[in-house]
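Please keep the viewer open as you read.

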Amino acid sequence: MNAAPDHREKSQTLCGLPLSRPLVMGIVNVTPDSFSDGGLHFEPARAVEHALAMVRDGADILDIGGESTRPGAALVPPDIELARVIPVIEALRASGCGAVISVDTRKASVARAALTAGAQIFNDVSALSYDPGSLSVAASYAQAGGAVCLMHAQGDPATMQDNPSYEDVLAQVTDYLAERARLAQAAGVPLRQQILDPGIGFGKDLAHNIALMRGIDRLQALGAPLLLGVSRKRMIGQLSGQADAAKRVSGSIAAGLYAVSRGAQILRVHDVRETVEALKVWQALAEASPMRGERGV
Ligand code: HH2
């Protein structure tokens, strides 16, 4: 495995986190219907407990979501999404846990309330295109020293896997993210406070997902840290043969290590402890990479 191509300044940070090593974002789905863990952390107290366990296991960021965006998912009204995520964000802030808190939402009103409750990252799977109010909320995150994650998706969760098609998926996703990044910059979110994400599984078939993973270095050249959310997704099931999404940890880690070896800086994962351990081993070996090519005894 090659060491990560290093396009970033060693001293660069994101919400106070160093970008000199891969960061782990733990997924906290406060939903009844998420694709691999729906219902498990639906009670706010269970979600908080799960999130704090992830911090103990080494998560740098906690991504709190109240709406499933799995293929075929139905829209959740803003008042219900707010009631799911805000108490969890408030409780995590009150707990004094050191993790950066991210809110996974497409809705400006939810992102705004989450910022007030203590969120530092606005993770929008629509790259600020779903809700016209999102650009100004994104600027508020930047003013507060936070960040905004812009993800590519083709179509809406309800229909996105019906027949995804591209002429050149890597070129189209790269161009789209470049355009959304420029728009966010114009609205007041500097590139150094943006995170870009090709959106694995969001309107993509297996071949599209593979092309995007193989093209990570090209996406990373856009100049913002790159986030990869491949954990337990259908792609992992297709490649590993594991039909049960909750049991896709090994395949998810393999894909995550491949992604960081190509330059991804943030892994969005369900299995934090396993991922953190794997990254520690990977990083110790990658740091020793100047030795590569030398003949061993
Ligand atoms: N994937 C999911 C949700 N949010 N955000 C980013 N930035 N990137 C992703 O790849 C991404 C995301 C879907 O995964 P999950 O949250 O586990 O499932 P569900 O949408 O069913 O809640």
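R268 belongs to strand β10, which spans residues 266–269 (helices, H or I with at least four residues, and strands, E with at least two, are DSSP runs numbered from the N terminus). The model is a predicted one, in which local features need pLDDT of at least 70 and side-chain atom pairs count only at pLDDT 80 or more, while totals for chains, interfaces and linings use all residues. Residues are numbered from 1 along each chain as its sequence is written, and side-chain values use heavy atoms, with hydrogens and water left out.

With a relative accessible area of 15%, R268 is buried (buried means under 20%, exposed over 50% and partly exposed in between, with a 1.4 Å probe and protein chains only). What does the side chain of R268 make polar contacts with? One partner is the side chain of D104, at 3.1 Å, and another is the side chain of D63, at 2.9 Å. A polar contact here is a pair of N or O atoms within 3.5 Å; within protein, one must be able to donate a hydrogen and the other to accept it, and residues adjacent in sequence count only if both atoms are side-chain atoms.

R268 also leads us to the ligand: an N or O atom in its side chain is 2.9 Å from a ligand oxygen atom. The protein covers 98% of the 480 Å² of accessible area that the ligand has on its own (areas come from the Shrake-Rupley method with a 1.4 Å probe, and for residues only the protein chains shown count as cover). D197 has a polar side-chain atom 2.6 Å from a nitrogen atom of the ligand. T69 takes part through its backbone, where an N or O atom lies 2.8 Å from a ligand oxygen atom.

Now look at strand β8, residues 194–197, where you will find Q194. Q194 is buried, at a relative accessible area of 0%.

Our last stop is the loop between β6 (121–124) and α4 (134–143), which holds A127. L128 lies in the loop between β6 and α4 too. Most residues other than glycine have a negative phi. A127, however, has a positive phi near 50°, and the phi of L128 is positive as well, near 70°. Are these residues buried or exposed? A127 is buried, with a relative accessible area of 1%, and L128 counts as buried at 5%.
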